[in-house]
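Hi,

Here is the structure we talked about. My notes on it follow below.

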Protein chains: 2
Amino acid sequence: MSVIIVGSIAIDHVKTPAEEHHCLLGGSASYASVAASFYTQVKMVGVVGTDFPPEHRSLLEARQIDLEGLEVAEGKTFRWSGEYEQNMNRRQTLSVELNVFEHFRPKLPSHWRATPFLLLGNIAPSLQMDVLNQIESPRFVLADTMDLWINLAKPDLLRLLPRVDMLILNDSEAHLLTGESNPIAAGREILKLGPKYVAIKKGEHGCLLLGDREKDEFFCTSAYPLERVADPTGAGDSFAGALAGALAKEGLVNWPHLKRAVIEGTLVASYTCEEFSLRRLVRLTEDQLRLRREEFLRYIEPN
Amino acid sequence: MSVIIVGSIAIDHVKTPAEEHHCLLGGSASYASVAASFYTQVKMVGVVGTDFPPEHRSLLEARQIDLEGLEVAEGKTFRWSGEYEQNMNRRQTLSVELNVFEHFRPKLPSHWRATPFLLLGNIAPSLQMDVLNQIESPRFVLADTMDLWINLAKPDLLRLLPRVDMLILNDSEAHLLTGESNPIAAGREILKLGPKYVAIKKGEHGCLLLGDREKDEFFCTSAYPLERVADPTGAGDSFAGALAGALAKEGLVNWPHLKRAVIEGTLVASYTCEEFSLRRLVRLTEDQLRLRREEFLRYIEPN
């Protein structure tokens, strides 16, 4: 089944201790859509300016992503600039230019309204709600968020959560949202806010997935072991995209499918970290992904 | 098969944001020996002063730990005092009194010399070497260490490593020892220093186990998910003890047994964190451990 993915589309400038790159394709929708495209048909919703480089559009088209929901607005594309510290675990946002994103109101093609899977990528909760309101009885809704929205738009986020099946966020964001520093306790609190499932990302330390406590639905996995990280930008968006795509591919959402979708998120996110922007993902083949899946399942196998 | 465990035996004073306790049984050998005693016969090597409380000795005896190698020296028992910060991930050592530990020279009962398994718990590498030199062709030698010895006695540690089968240390210590901030890369470097295996502990984030690269021996596991940590003191020692005990119980060391031993370390360490000192471990039953093992294997099962 197909999945609609909404989020930001950005032109990034990223600096790491080792390298610096300009004019990179970035944004939550870009990473999530490319990641999901390894599993299923993706319909992307977002906005770019008239300056959006044709090669970035070509990259998305080459992944067979449906761009009918990609608006081209008069003005400049959203721009983000960030710098990573020595250990790559912390970054500073150097600058943000909203540009065409400032007045973006997502409009979905009317024939997309019956799409069963929906990933509300990391954008303002009010925009996530706008998109959700344009879908007729979706089968499964995933939402990603970040510290910015928890700080600036918490009421909007709290209104959204009861309509979301799964929230995806990282451990420090789960702490910020609930006040609980223990990620498992924070996850339990988030489930009380509406979602049936919550995935708590821990970067290089893997991920927790919490569901129905009565059914003891709990899953924890390490991240794929990378010896070198070139650029972690978009790893979380790639995780969410691959997770949503893998679920949509199955069509049916159940606990085993959810766990396997988390594994797929982990795998694709690991590739994202290997190079800047989407450079590694666009070269990723089905065979490489299959081999890494087999390798990773061996690495986490306790027997 | 039986295991010899050497390390410190301490009287601890521990302060957490929630509680403070005095005169606790602590030390690497205490935690490791009690943890290992759930799996096999433990022979403990260490020193206490004449002030060592009889109830602490009784606790060890109740776990059937052989105390023939426990020296009682004139003077006071080693004392350690520490305080945890709000999130329990960082602690400060408030005071250390070496006391009888200052002039400790381990002497093993001669009929222990053929013991097949040996855990060199966290003490000075020169003392670890002293004990190792008293064992005749051990089958498998594990060593734990810490930042203190990497900083103060690195040459001693480097001399010990080629004679050790498995080194156990945490991620920041692996970084300190090798200069590699990536724990996988650090693990690979450590294997070049002598050990056949290295277990890198990541606290609440679990553990990495690295072995022969040619055979792709790599294992990563999450920690058992605890919603509340009362006191993490001794968790690493308990991990090492249970790992060594579980291996000794099997007798034969191979990759599947090593992975399962890491799981046992993870399980027993989780109990240690639930209460101060050894209070939870002394009440732990075989049935409770079996249930948590089944639960944890379900939690990390990707299918």
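A residue is called buried here if 20 or more other C-beta atoms lie within 10 Å of its own, exposed if 12 or fewer, and partly exposed in between, with C-beta atoms placed from the backbone. Helices (H or I, at least four residues) and strands (E, at least two) are DSSP runs, numbered from the N terminus.

Two housekeeping points. This is a predicted model, where local features need pLDDT of at least 70, side-chain atom pairs count only at pLDDT 80 or more, and totals for chains, interfaces and linings use all residues. Residues are numbered from 1 along each chain as its sequence is written, while chains are lettered from A and ligands numbered from 1 in the order in which they are written.

Confidence comes next. The complex has an ipTM of 0.93 and a pTM of 0.95 from the predictor.

Chain A overall:
- Chain A holds 10 helices and 13 strands.
- Its radius of gyration (over C-alpha atoms) is 18 Å, close to the 19 Å of the globule rule (2.2 Å times the number of residues to the power 0.38) for 303 residues, so chain A is as compact as a globular protein of that length.
- Along the principal axes, its C-alpha atoms fill a box of roughly 55 × 45 × 35 Å.
- Of its 303 residues, 51% are buried.
- Contacts (C-beta atoms, placed from the backbone, within 7 Å) between residues at least 6 apart in sequence join residues at least 24 apart in 67% of cases.

Now strand S4 (residues 42-49) of chain A. Here 7 of the 8 residues are buried, so S4(A) is largely enclosed by the rest of the structure. Strands count as paired if DSSP finds at least two bridges between them. Strand S1 (residues 3-6) of chain A runs parallel to S4(A), joined by 4 bridges. Val3(A) stands opposite Val42(A) there. Strand S5 (residues 66-73) of chain A is also parallel to S4(A), with 6 bridges. Gly46(A) has Leu70(A) as its bridge partner in S5(A).

Chain B has an open sheet of 9 strands with mixed pairing, in the order S5-S4-S1-S8-S9-S10-S11-S12-S13. Strand S5 (66-73) and strand S13 (218-221) of chain B are the edges, each with a single partner strand, so one side of each lacks a neighbour in the sheet. Inside this sheet, strand S8 (residues 117-120) and strand S9 (residues 140-144) of chain B run parallel, with 4 bridges.

Strand S2 (residues 10-15) of chain B pairs with S3(B) in the antiparallel sense over 5 bridges. One bridge partner to look at is Glu20(B) in S3(B), which faces Lys15(B).

Last, the interface. Chain A and chain B each give 25 residues to the contact. On the chain A side, helix H7 (183-192), strand S13 (218-221), helix H9 (255-274) and helix H10 (286-299) of chain A each give two or more residues.

Best wishes

Notes:
Contact = placed C-beta atoms within 7 Å.
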